[in-house]
Amino acid sequence: MTIYALFDKDGRPKGFMPSEIFGERMIDGKPNPKLPDGVVEIAREHWQALLSSDTKVWNGKTVVDRVIVPDQGSLLSRAKEVRWEKETGGITVFGVPFSSDDRSKTLILGAQLLCQQDPNHSEDWWAADGTSHHVDATMIGTIAKAIAGHVSRCFQIFGTVQAGITAGTIKTYAEIDQAFDALSAE
C-alpha cells in the first residue's frame, strides 16, 4: 500500500490518502483524479508518526518535531510564571532549605522585626524540609537578607528577560528558562 499525504505550508498534514482507498497516483498513464494536486508519497513509518503526534510535521523529506515560535505576549507570560516559580521556590541558607513563598517571607520579616527590637531574641524555625532549627537574631537577619536578595535577583533576571523579549533577542521558552537557571547555580 502506498500512502499519499497533503500538507499545509507549515508541514502539518491536511489529509492522508492510502492507495487501497484512493488508488495509485497514476492510472493508465494519467493522474488519478481522486488525488488532489500537491500530494506526496510518504513512507508508512512517517504516516504513523504523523498520526500518533500533533507535534510532528513534514519538512518535505521526513517527519520532524514542529518548532513553535511563541509571540512576545506568550514569552512575557512565561517569563512572569518562571519568575514567580523561582521566587517562591525556596532557597538554602546555612545548608538548610527555607521556603520563600509569600507567607514565609512575611514570617521571616516579622521575626526580623522582633530581632531588631530584641537583639537577644531566638526561636525555633521550621525549615522547608520539616526540620526544626534554633536560630538567633543574627541568623534570622541573615536568612531574611538572603530571601530578600533572592527575590530581588528574581526580579532583576525578569527585567533582563523582559528587555530581551521586547528587543527580540529572547525568542524561546528555553531561553527564558536558561536565564532563570542561573538562580539555581547561585
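Trainee: Is F7 buried or exposed?
Mentor: F7 is buried, with a relative accessible area of 16%, where buried means under 20% relative accessible area, exposed over 50% and partly exposed in between (1.4 Å probe, protein chains only). Keep in mind that this is a predicted model, in which local features need pLDDT of at least 70 and side-chain atom pairs count only at pLDDT 80 or more, while totals for chains, interfaces and linings use all residues. Residues are numbered from 1 along each chain as its sequence is written, and side-chain values use heavy atoms, with hydrogens and water left out.

Trainee: Which residue forms an aromatic pair with F7?
Mentor: A pair of aromatic rings is described by the distance of the centres and the angle of the planes. Here F7 pairs with W58, at 5.5 Å centre to centre and with 10° between the planes, and the pair is stacked. Rings of Phe, Tyr and Trp (its six-membered ring) pair if their centres lie within 6.5 Å, and planes under 30 degrees apart count as stacked, over 60 as edge-to-face and the rest as tilted. W58 is also buried, with a relative accessible area of 12%. The pair links distant parts of the chain, since F7 lies in strand β1 (residues 3-7) and W58 in strand β6 (residues 56-58), 51 residues apart; strands (E, at least two residues) and helices (H or I, at least four) are DSSP runs, numbered from the N terminus.

Trainee: At what angle do the axes of α4 and α5 cross?
Mentor: Two packed helices are described by the angle between their axes and the distance between the axes. The axes of α4 (residues 102-117) and α5 (residues 137-167) cross at roughly 140° and come within 9 Å, the axes being lines fitted to C-alpha atoms over the stretch in contact, with angles from 0 to 180 degrees between N-to-C directions. The two helices α4 and α5 are therefore oblique to each other, as angles under 35 degrees count as roughly parallel, over 145 as roughly antiparallel, 65 to 115 as roughly perpendicular and the rest as oblique.

Trainee: Where is D28, and what is its phi?
Mentor: Most residues other than glycine have a negative phi. D28, although not a glycine, has a positive phi of about 55°, and D28 sits in the loop between β3 (26-27) and β4 (30-31). At 76% relative accessibility, D28 counts as exposed. F94 likewise has a positive phi, near 60°, in the loop between β8 (91-93) and β9 (96-98), but F94 counts as partly exposed at 48% relative accessibility.
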